[in-house]
Amino acid sequence: MQRIPEEKIDEIRSQVDIVDVVGNYVQLKKQGRNYTGLCPFHGEKTPSFSVSPEKQIFHCFGCGKGGNVFSFLMQIDGLSFVESVKKVADLAHIPLDVAISQGDSAPGNKPDSQESKMIEIHQLASKLYHYLLMETEEGQEALQYLLDRGMSEQELDHFEIGFAPAHASTVTTFLKKREVDLALAVESGLLTERDDGEVVDRFRNRIMFPIKNDRGQLVGFSGRLFNQEDGPKYLNSPETPIFNKRNILYHFSDARQEIRKKEEILLLEGYMDVISSVSATFSNGVASMGTSLTEEHVQMIRRVTNRAIICYDGDRAGIEASFKAGTMLAEQHRLEVFVLQLPNGKDPDDFIRSEGAEKFAEIYTHQRLTWTAFKLQFFKRNRNLQNETDKIAYLGEALAEIGKLDQAVERELYLKQLGSEFDLSMEALKQQLQQTVVVKPKPHDYGGPPPESYGEYPSYEGDGGPVYEQFSFAQPSRVPSAGLTSEKRLLKYMLEDRDAFIQIRNLLEEHQTDFYHDNYKALYTHLIGFYASGNDANPLALMDQLKDDMARNLVSELEMMTVNTDVSIEEYQDYVQSLTKSSIERDIKEKEQALLTATQQGDIPAALELARTITTMRATMKNTPN
């Protein structure tokens, strides 16, 4: 077996722009020379995540995570080093024509996990289900049902729709013949074990919808009844190590690119709604797995867009679900939300197949309701507006919502609509609005990227709308010490220039000093080994060899620093002398504490000796150049 040559890794890394790769997971916005966004590794509402196309690295100034394109995929997708190299190679269309051993392929590689084997089992089953639907007599009834619903064979192929026969052992027998571990198939949720110990198929006599996670991996199924009433209409895979409904939006991985292109996501209720929307050229549609929108779903959405279009079923349950989802998105997470209400209470699938894609596009583009407009309609639903009590109560709710708006023009628009609808003067409505107490969101509650640029966010003062304030990444709690600044700059120069490394190392030995902070000292040790192996300065290659996340994060942090590139050995010497001075200062503080202890204990000889030592050290520090 053969290692992946370093030259091949360098080639693969150089052929893919990290901005393109990270952009599949994080909504990025250009700011100066870098791109910024909300960090995918920790919850935040103000962007502190930065990607440098020049350096080809990422770094979060909030949680400290950083690295190159390989380490990003390793952390975001849970891949081994080899798996991340393969994924980048595929993106760059570079053949990885080397044999790779599980144990000796590259730093950080790990054997295939149980989860990856579960995914492979699901892929096998999906191919079988699709074949049974499209090519067998047994699947003919299910196929005809789908065709009668208006689905085309192209759609069935694209979404890999399949059929699970009524037999108890179709998939079980299929997997046995391929020597698949049936116990693992049971754990993955594809098969189930009866009380007597017999292993059988979980899904029977159902149309099968394959379910992928946000990385495009097939992790589960949803089976739909089509010719009987016995049992739940949809049967989903159970919760397993690879499948959790809270973390999955149907079609999300395939829709991600279109979501970014349209800058908005279309939220639908069912699988058929998604399939129909794609056929109507709205490939930004996704659906939750028969559950309400979860916090995990919202975080997935926020990584790619800040605008959501809700188009749920038009019945009572669908309207209630729209209100619940919109409240979470707009009011808890500050996304821009619109709602589509289709005529006659139809769901998107029925509407598109009966009325056509053009009619749906017309409603999508020109008849979407703002979140405020939808809420005003929603509050009317259970009120009799001919009744004065209900009318006054509704006006109170409406004014409370209008009062939350930041833009004066919006407030004026909705007040005029209320005035026209109920024959009320603008003066009366404005006076009532003034009496409405509205708690407006603080800057730290702002959930999406700030308007115009990531360099500012809104604070709210009075009724004049948002006032924009500047912010910066990771403001330090205090000014870093001169010693810490010197450590950072020295390591920065050593990372990027082999000659600088040699010069600085000689100065450190000459002054008999070293880095003080453990993570800086560790990185210095890594650099010694890296250059001793004959490598030229290459921070990206160094990251690939670092197994310690802290060291990798430090490299990315240093690479994001801006320093003077025209630097002399005299400047290096100043930084090294700063380290020496900082070391003496720490020693003096320790001796002063010991002196205080000796004095308190009445140990006069020890106190006198410590006092003489402190005096000598202070003289040495005074003679150390600044």
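Author: Helix α20 (residues 482-496) packs against helix α25 (residues 569-600) at an angle of about 140°, and their axes are 9 Å apart. Axes are lines fitted to C-alpha atoms, for helices over the stretch in contact, and angles run from 0 to 180 degrees between N-to-C directions. Helices are DSSP runs (H or I, at least four residues), numbered from the N terminus. This is a predicted model, where local features need pLDDT of at least 70 and side-chain atom pairs count only at pLDDT 80 or more, while totals for chains, interfaces and linings use all residues. Residues are numbered from 1 along each chain as its sequence is written, and side-chain values use heavy atoms, with hydrogens and water left out.

Reader: Thanks! What do you call the orientation of α20 and α25 to each other?
Author: α20 and α25 are oblique to each other; angles under 35 degrees count as roughly parallel, over 145 as roughly antiparallel, 65 to 115 as roughly perpendicular and the rest as oblique.

Reader: And which residues in α20 meet α25?
Author: Among them are S486, R489, L490 and Y493 in α20, which meet residues including Y572, Y575 and L579 in α25. Contact means heavy atoms within 4.5 Å. By class, this contact of α20 with α25 has seven nonpolar, four polar and three charged residues. Ala, Val, Leu, Ile, Met, Phe, Trp, Tyr, Cys and Pro count as nonpolar, Asp, Glu, Lys and Arg as charged, and the others, Gly among them, as polar.

Reader: Nice. At what angle do α3 and α4 pack?
Author: Helix α3 (residues 69-77) and helix α4 (residues 81-91) pack at about 115°, with axes 9 Å apart, and are therefore roughly perpendicular to each other. F70, L73 and M74 are among the α3 residues there, and α4 brings F81, V85 and V88 among others. That contact of α3 with α4 has seven nonpolar, one polar and two charged residues.

Methods. Helix = DSSP H or I, 4+ residues; strand = E, 2+ residues; numbered from the N terminus.
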